Amino acid sequence: MLLNEGQIHLFEHWPEPGADDDKKRRFFDQVRRLNSSYPGGLVSYIQNAKKLLADSKAGKNPYDGFTPSVPSGEVLNFGDDNFVSLEAAGIKEARNAAFVLVAGGLGERLGYKGIKVALPRETTAGKCFLQHYIESILALQEASCKMVDDGCQTKIPFVIMTSDDTNALTIKLLETNSYFGMEPSQVKLLKQEKVACLADNDAWLALDPSDKYKIQTKPHGHGDVHSLLYSSGLLEQWKSEGRKWVLFFQDTNGLLFNAIPSALGVSATKGYNVNSLAVPRKAKEAIGGITKLTHVDGRTMVINVEYNQLDPLLRATGHPDGDANCETGYSPYPGNINQLILELGPYIEELKKTHGAISEFVNPKYTDSTKTAFKSSTRLECMMQDYPKTLPPSAKVGFTVMATWLAYAPVKNNPEDAAKVPKGNPYHSATSGEMAIYKANSLILRKAGAQIADPVVDTFNGQEVEVWPRITWSPRWGLTFKSVKEKVHDNSSVSQRSALVINGQNVFLEGLSLDGTLIVNAVDEAEVKLTSHVQNKGWTIQHVDYKDTSEKEEIRIRGFKFEKVEQLEVNYTEPGKHSLSA
């Protein structure tokens, strides 16, 4: 097979039979793995590579013949009647959903050696991303079952796509924390394999520079999640259990679950086969735009177009200003945040045709303008959000836009790169990701009627951010806006320097006046009313330099830590009614 595909160079250095036979067998073990883990095998991979490399060398425009237009979708306003009713519809549907987390990457780009899902989402409560995600899914599961009176015992499945880099560490994180309260049978890990590297425009497979009996490999991208789900048999199992939705999300967006109930409600009420979560985007901002593309032959698709391709595409199709803001102050093309909700039935039918193969791209770095040689080996890549490219025009593909402050604060840039981001653009760092959580929670409480102090501006690791009161709660306390509003009464207030942590389901703010740090832990059966004035020295924010190796990596990349001077921590372990009063 390899010789038929022009790969004779792989064997030119091989000695006679009898020499290095174990290494040769190991080579073919690797070839078998590479062949079985790619839809259509290595023959398809090499042939796809030849075509894409030829297109790349020729400078072919992947959108040639397509005209962009603004697709149809839903724009939601947090807290209004429509939002609240969509959240309720989403909660009802949640028991028919399955969640898929794409977590194949380490935190190296962040300046963190571990897996990204082990990082603290925020450092006031200190829960890691994976704990927050699992607690959010369990809260959805519980709330959804409460809405139906049929003794609902549904368990929402949770799949994590890992890689060689993250698989063992993810298992260890789950096992050492008892799966953060989820039943181990609910959680499935699917490990993604790497793909062969390409040495030149003829798609010669590249040998590992340190081992001539090994093909060099690199990650293929998170688009592999579709073929892994297809080959795992999980999709058919979910269908047989009556499930209707698959929700895909990425590893470090700490605000995502604020958006899940209402977005799922949109999918259910609008009948979307594909729903992309989106945020308003400024023209030319470095985030892909969701775009409807219509080909001269009549084909249409709704797809994410990368920001560096959207502007030239618009200019080439009769929009002289290219990617420009409209009267709203934002681009009419909403920003894709790589969180997808797919309707399970049509998804399975599509994957039966493609086996989960996703439209790929190649991005070789050429040594010069002749495009004849590469600086280093390249590989084919695919993205989860390119799934709709193969859908028929009859597919209902839409989007749901929510305010960025509510739904999107990814943690992906290290402090040095974040500090170089042009002023006014998002940092997408550990610093901005944590501060965004406090901002969102403060604004949600404000909308619910509490008096939350305005933020102050401070600079950490060269990044200027708003510092709001450090407010955080467990997902079961405030899963939806309605659930928050039911628990915030009267004139409760929180000062700017305060921190408030709520761990418990039935904790009510009834005239709480907080100036300092308050931590409330309550069992489910305890109903707690916070009615008093709480004042103490609280926690102060200390600046930390990211080069200061005396601090842990997860603190250094934030640029701050809390000095816990004084706090009030109250624990309610007994059922019944309690109150924290003056």
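Trainee: Which describes F249, buried or exposed?

Mentor: F249 has a relative accessible area of 1% in this model, which is predicted. Residues count as buried under 20%, so the term for F249 is buried.

Trainee: How many aromatic pairs does a search of the whole structure find?

Mentor: Ring centres must lie within 6.5 Å for a pair to count. Over the whole structure, the number of such aromatic pairs is 25.

Trainee: What geometry does the aromatic pair of F99 and F249 have?

Mentor: The ring centres of F99 and F249 are 6.3 Å apart, with 80° between the planes. Planes over 60 degrees apart fall in one class, so the pair of F99 and F249 is edge-to-face.

Trainee: How many residues apart are F99 and F249?

Mentor: F99 belongs to strand 3 (residues 97-102), whereas F249 belongs to strand 10 (residues 245-250). The pair thus links distant parts of the chain, and the separation is 150 residues.

Trainee: Why is the pair of Y347 and Y387 edge-to-face?

Mentor: The ring centres of Y347 and Y387 are 5.2 Å apart. The class edge-to-face requires planes over 60 degrees apart. The pair qualifies because its planes lie at 80°.

Trainee: What is the relative accessibility of Y387?

Mentor: Y387 lies in the loop between strand 16 (380-382) and strand 17 (397-401), and its partner Y347 is in helix 10 (residues 344-354). Y347 is buried at 0%. Y387 also counts as buried, with a relative accessibility of 4%.

Trainee: Over the ring of which residue does the charged end of K564 sit?

Mentor: The charged end of K282 sits over the ring of Y330, 4.7 Å from its centre. For K564, the charged end is 4.6 Å from the centre of the ring of W539.

Note on methods. Residues are numbered from 1 along each chain as its sequence is written. This is a predicted model: local features need pLDDT of at least 70, side-chain atom pairs count only at pLDDT 80 or more; totals for chains, interfaces and linings use all residues. Side-chain values use heavy atoms; hydrogens and water are left out. Rings of Phe, Tyr and Trp (its six-membered ring) pair if their centres lie within 6.5 Å; planes under 30 degrees apart count as stacked, over 60 as edge-to-face and the rest as tilted. Helices (H or I, at least four residues) and strands (E, at least two) are DSSP runs, numbered from the N terminus. Buried means under 20% relative accessible area, exposed over 50%, partly exposed in between (1.4 Å probe, protein chains only). A charge sits over a ring if NZ of Lys or CZ of Arg is within 6 Å of the ring centre and within 35 degrees of the ring normal.
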